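Hi everyone, thanks for making time today. I'd like to walk you through one model, and you can follow along on the screen.

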Amino acid sequence: MPASIPQYVTEAITGPLPDPPGVKLKKEGLTVNHPVVFVPGIVTGGLELWEGHHCAEGLFRKRLWGGSFGELYKRPLCWAEHMSLDNETGLDPPGIRVRPVSGLVAADYFAAGYFVWAVLIANLAQIGYEEKTMYMASYDWRLSFQNTEVRDQTLSRIKSNIELMVATNGGKKVVVIPHSMGVLYFLHFMKWVEAPTPMGGGGGSDWCAKHIKAIMNIGGPFLGVPKSVSGLFSIEARDIAVARAFAPGFLEKDVLGLQTFQHLMRMTRTWDSTMSMIPKGGDTIWGGLDWSPEGGGPGDFNCSAKKLKNNSTRNTGQNSNRNLADMKSANYGRIISFGKDVAEVHSSRIERVDFKDVVKGDKLANSSSCDIWIEYNEMHNDAIKAVADYKIYTAGSILDLLHFVAPNLMARGGAHFSYGIADNLDDPKYGHYKYWSNPLETKLPNAPDMEIYSMYGVGIPTERAYVYKLTTQHDCYIPFQIDTSADGGSEDSCLKGGVFSADGDETVPVLSAGFMCAKGWRGKTKFNPSGIRTYIREYNHAPPANLLEGRGTQSGAHVDIMGNFALIEDILRVAAGANGNDLGGDHVYSDIFKWSERIDLKL
Amino acid sequence: MPASFPQYVTEAITGPLPDPPGVKLQKEGLKAKHPVVFVPGIVTGGLELWEGRKCAEGLFRKRLWGGTFGEVYKRPLCWLEHMSLDNETGLDPCGIRVRPVSGLVAADYFAPGYFVWAVLIANLARIGYEEKTMYMAAYDWRLSFQNTEVRDQTLSRIKSNIELMVATNGGKKAVVLPHSMGVPYFLHFMKWVEAPAPMGGGGGPDWCSKYIKAVVNIGGPFLGVPKAIAGLFSSEAKDIAVARAIAPGFLDNDIFKLQTLQHLMRMSRTWDSTMSMIPRGGDTIWGGLDWSPEEGHSCGNNREKKNDTQVSDEAAESAVSQARSANYGRIISFGKDVAEAPASDIERIDFRGAIKGNNAANTTCRDAWTEYHDMGLGGIKAVAEYKAYTTDSVVDLLHYVAPKMMARGTAHFSYGIADNLDDPKYKHYKYWSNPLETTLPIAPEMEIFSLYGVGLPTERAYIYKLSPAAECYIPFQIDTSSNDEDTCLKDGVYSVDGDETVPVLSAGYMCAKGWRGKTRFNPSGIRTYVREYKHSPPANLLEGRGTLSGAHVDIMGNFALIEDVLRIAAGASGEELGGDYVYSDIFKWSERIKLKL
């Protein structure tokens, strides 16, 4: 409901609104119990200027990111310069300090009127929460996770604040609520806090068990998102790197102009955190040339973007949405295919030429006119052709591809993140922090009383694989682009504008959000040695019933889900003391359990 | 300099401005070193709504205090209701939760364009400070100090944050910067943190010595302010309670129409913290019927602009000291004649035994209740007939006219002088904010600074009269017809040197004498320094609130003060700053106070 319209006007049109969850649960007698910790995702946290170059005069302690984004439009190049990090270190460039905003205001609203955490905060307040029982674990989301500790001591800060909240609330453990990339950040935190100093926080091996009641992950890209591949590979116009992906509606190409656009690409490439989202687990998780967990057969996701309005009689999402059995199934395992034909034929009929040994050489064209540095400008034409000749890239070979086309970027990323699957989790190498945010290369803490929830939206087509083509050549160009002419034909096809989509919340596919809690951590597994209980809570997307509803109270979209009444109710109940069984255990609309079964991972 | 003028406009008119201290010191090579903690004063910290009644709909997490004060104008009665605390407990009224804003934004600006900490923060940032090395210890300044812990665990929060900052900055100790009421609040904190749980924070007897490098007090009312008495006694219009006193320019009369004073009085009387500002130390500190530490002070109201050649005040002031001087010891006198007469000529009738009786007038004043309505005419008359009140008897007076409020207050604050600091009774928290009833922590490496403005007339004593009877009236008021230039008497108020709110005596005495060297109040001999900043008004309109101001809040933008603070934060000791720097007669006045040390 847009705040600008008084309630009585809304009610006159729509009939009386249901009580917001906080009001409803307060009447049921729920009150504040466990302190809560919010861990915001990428892009949604505000950043402000503490030290800048001459062009940023007058912006001291003003928001560069979040709020009105006024400076982006007023002085775009200055803005991009200050939002960028150092290309070698991934830390501050000389003379520039941009820092995360702290407190609840850091991420309650992303921009004026565009809520992120505000609705949840307001509902928690209804049952008695206030600042002493709510903590926003804001961090600089541009940095690699470990660097937030190196530069700002953010992980130490979170540890200290959680300890304080537990101590000042009679020993009641915290409920942690990470959203989006915050999910990975908090996985990293849990390993860091128990690891010995100096690499870790020295909290000891029972820190999580002592301080955390539950982790309620919202829209968590546990295993990465395919979107980040297209973001890093080609920065498509409709989706400026990862930034744009996670906060739609900002950074439009048309207001910025082409040059600015390339500046933005350079900017986002200095953000190490974007590399935390590259798909993890390779072909084992995401599928190979001829199979994928979600692929093939009846009962698969119907990609029609037209959703039914939600009526008072909720239709069982299980069937009505997903019964077009005879649709041609997508080869989701092929995350990048060069050409629609390649994407569709059987793998035995594709001729691939390996690209890895091709010498990149110097670029032939004189690149003096390119004032914008991107690694593509250092790539030889033969190398570009070699990339295309490999034709198909699965999640495993995507990594090789990114290493080939952006070696500097991936070298930096490889120091902080890892994308594999551990054979032997007791190998001492896994003591290194670069593995801590990958659930397939770490063990959960030893905390048998803790609970882990995965809460996410379903029912929205979500990018899963791409059809690419070579770009026509010109100066300072990005040589690859999504072939937007590739379309599946029928309205229900999962291929639209060169993108294959699968079920998800528009950003994170169900597979990535659900697999760990549905299977990888379910029961006692090698990734979950103490048998922490896990729960899947899905929320079927329904668009707002009318314009007055704003972003809706039943949305399943990646950010808008933060205003979903059912999700808020689940969180309030757990914060007030309920456990996963009290909530009713799993609540699932998608085929996550079926898909998880198809993944052959030693547990 | 108002931010609205671009720098080149300002420079065109005034010539190039001097570098701000942060820029200057950065060029000298100063760098962020010790983490700093800001402790805001009364009134300057923002408060926001977390739960309210029907009338406050739509104000969730909006500022009720600070910012634009929009709601005061839009729904004044609702605002009053939500800003008031429970009259019995001094805590939240049923169904209302108003909470302090947290973070640097809590008190960087009090209202748009009205800076408090913002200038200092900006200068610290120049030498490398940022949020991880700066912490605003925001608290609900309406509550008694101990209640900030009871309700919000604020003291625990401050302890934890200081420990965190020291740990994450390589063990470098914190520099604490309390301002105004933040000064007694931080005194309370230092006792609390070392006291054993559950009354204290259980940090152990060496906590302060381990975590604090220096306490740099700004405009500290260590021994209270006489203004607090006028505020509590009569809520004078020109100075609505303590609130108005410390942040001028807000809460104008006309908002609440006729009953403004009563409404505001009722609200501010629910704020226990205001009672932390009642003068401490009684007649020993503030003077008796016929003496005071400051006697002989001449009041040069029209201070000359500051020139390159500093006028030697010592000489200028001693020249006029032979003139008649105010009897500052008589904090309240009923009538100018009483204020001026020799003590032996005043006939006083003790009020303490007088029966208050029931109010003769019909008390239909429900919506503007003050305790005065429980006071009969007999009681009112008895108060006036005592004629002259010194600090000791003022406390009795407040007990007499506002027994409920003072009962609440004395559970949290004390105003005496300890004979024997080892008496176990002083372990109670109500003594912790009174420097005369506590010992400083054992922290011989620590330093305590007192930084304050001088050169502004500051309220010190009052001439009162009975108000003409009316319904719902406040029976006493300052006799604004009383004036006398020779004795610094203006509109019924005797003033003395200070920063417009805190007299020099209160801000300076402890660091000048009470704690100087090893004394019983300072058993480990923590070094103390007095740094005064002489007020000079802005040179022109473009300068805004000035870079040389000595006024209670504006001093936070004083370049010399900021430079001192930056140097200390970057590692300098008091000796390196040059030790004491004094314009006033604080050392002379301190000598006159006969206090066993």
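Let me begin with surface: accessible areas come from the Shrake-Rupley method with a 1.4 Å probe, and for residues only the protein chains shown count as cover. On that basis chain A has an accessible surface of about 21500 Å², with 52% of it on carbon and sulfur atoms.

Some ground rules. This is a predicted model, where local features need pLDDT of at least 70 and side-chain atom pairs count only at pLDDT 80 or more, while totals for chains, interfaces and linings use all residues. Residues are numbered from 1 along each chain as its sequence is written, chains are lettered from A and ligands numbered from 1 in the order in which they are written, and side-chain values use heavy atoms, with hydrogens and water left out.

Now the fold of chain A. There are 22 helices and 17 strands; these are DSSP runs numbered from the N terminus, H or I with at least four residues for helices and E with at least two for strands. Chain A has 603 residues, and 62% of them count as buried. Buried means under 20% relative accessible area, exposed means over 50%, and partly exposed is in between, with a 1.4 Å probe and protein chains only. Taking contacts in chain A with a separation of 6 or more, 76% are between residues 24 or more positions apart, a contact being heavy atoms within 4.5 Å.

On to the rings. How many aromatic pairs does a search of the whole structure find? Over all chains, the search gives 46. The rule takes rings of Phe, Tyr and Trp (its six-membered ring) with centres within 6.5 Å; planes under 30 degrees apart are stacked, over 60 edge-to-face, and the rest tilted. B:Trp65 and B:Trp79 are a stacked pair, at 5.9 Å centre to centre and 15° between the planes. B:Trp65 sits in strand β3 and B:Trp79 in helix α4 of chain B, 14 residues apart, and both are buried. B:Phe449 and B:Tyr529 also pair up: their centres are 5.2 Å apart and their planes at 25°, so this pair is stacked. The partners come from strands β12 and β17 of chain B, 80 residues apart. B:Phe449 counts as buried because its relative accessibility is 0%, and B:Tyr529 does so at 4%.

There is an aromatic cluster too, and B:Tyr386 and B:Phe233 are among its members. B:Arg348 lies over the face of B:Tyr386, 4.1 Å from the ring centre. The criterion there is NZ of Lys or CZ of Arg within 6 Å of the ring centre and within 35 degrees of the ring normal.

Next, the interface. Chains A and B bury about 2600 Å² between them, 46% of it on carbon and sulfur atoms; buried area is the accessible area (1.4 Å probe) that two parts lose on being put together, summed over both. A:Trp50, A:Arg61 and A:Lys132 supply 21% of the area that chain A buries against chain B, more than any other three residues. Seven salt bridges cross this interface, each being a side-chain nitrogen of Lys or Arg within 4 Å of a carboxyl oxygen of Asp or Glu. B:Glu130 and A:Arg99 meet in a salt bridge at 2.4 Å, N to O.

Last, some backbone. A:Thr197 and A:Pro198 are joined by a cis peptide bond with omega about 0°, and B:Ala197 to B:Pro198 is cis with omega near 5°.
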